[in-house]
Amino acid sequence: KPAKAPVDDPRRLLKFAVLPVLALSMVALLGAWRSSSAGAKVHHKVLSGQSFDPFLAANPGGALVEFHVPGCMHCQKLAPDFDAASKLLAAEGGPPLASLDANAHPSIAERLNITRYPTVIWFSNGEGVQELPPTSRSTEKIVEFVKRMQEPALVEFQDRSQFDEALPELRSAMGDLGRPIVVGIGGAGAPKAVAALRQVAERMRGTAVFLHVGEGEEALEVRAVGKEASADRAFEGEVTPQRLQAWIKAMIA
């Protein structure tokens, strides 16, 4: 079960509320891959098919993994920025970055349905939850992406009174956010439903704002907060990741 996200101030949450290819021989490509000279140090973890799952298991709080193939010029262009970002984050005590050659270890890419390269995915609790946008492949943008992914995907309110106090401000911010606010209330007797809410919050980070109020009924009540109370929408039925994500996507469409 994922670790419970820390209590966060909703005001802080709102601040965060999103050449032509040269004809080179394969030998030259492989020689240039990842470094300009043999034996050059890399600052990220190089994974294999055998080490991929243990690496994710060892980093449940999050890790960024880059998937590449030899002969991909875009992959080669990304490599030095990715490694530099890894060095910067490591110096700050940040989460690890890793890479995997999908040609050498095809079973991993097939399992994750990766068909284009490079693909860079943020994993949390062993699950790929969000992809680094192709427009964010500089060192600075990679670091920024990782730090954003470390923000709590699900903001926790310890009790109902704390949430009720923040609710008017959340409603007034609806127009500025431009995305729905999804609230789960209670759920002490429904750990699978709470886990589903947390999982969808990770997957849809930046698309919607997710809150959880610990105090409430044993069952988890999920609703979308509107600008007015009359505009609130209640989720009905079993709370599963698939059903909840489809419900939120329908609201956004």
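Mentor: The torsion about the S-S bond of Cys-72 and Cys-75 is about 85°, so this disulfide is right-handed. The model is predicted: local features need pLDDT of at least 70 and side-chain atom pairs pLDDT 80 or more, while totals for chains, interfaces and linings use all residues. Residues are numbered from 1 along each chain as its sequence is written, and side-chain values use heavy atoms, leaving out hydrogens and water.

Trainee: Why is the link between Cys-72 and Cys-75 called a disulfide?

Mentor: The term requires a pair of cysteine sulfur atoms within 2.5 Å. The S to S distance of Cys-72 and Cys-75 is 2.5 Å, so the pair qualifies as a disulfide. The structure holds one disulfide.

Trainee: Are Cys-72 and Cys-75 buried or exposed?

Mentor: Both Cys-72 and Cys-75 are buried, where buried means under 20% relative accessible area, exposed over 50%, and partly exposed in between (1.4 Å probe, protein chains only).

Trainee: What makes strand 7 and strand 9 a pair?

Mentor: Two strands (DSSP runs of E, at least two residues, numbered from the N terminus) pair if DSSP finds at least two bridges between them.

Trainee: Which order do the strands of the open sheet follow?

Mentor: The five strands have the order 6-8-7-9-10, with mixed pairing. Strand 6 (154-157) and strand 10 (233-234) each have a single partner strand, so one side of each is left without a neighbour in the sheet.

Notes
Helices (H or I, at least four residues) and strands (E, at least two) are DSSP runs, numbered from the N terminus.
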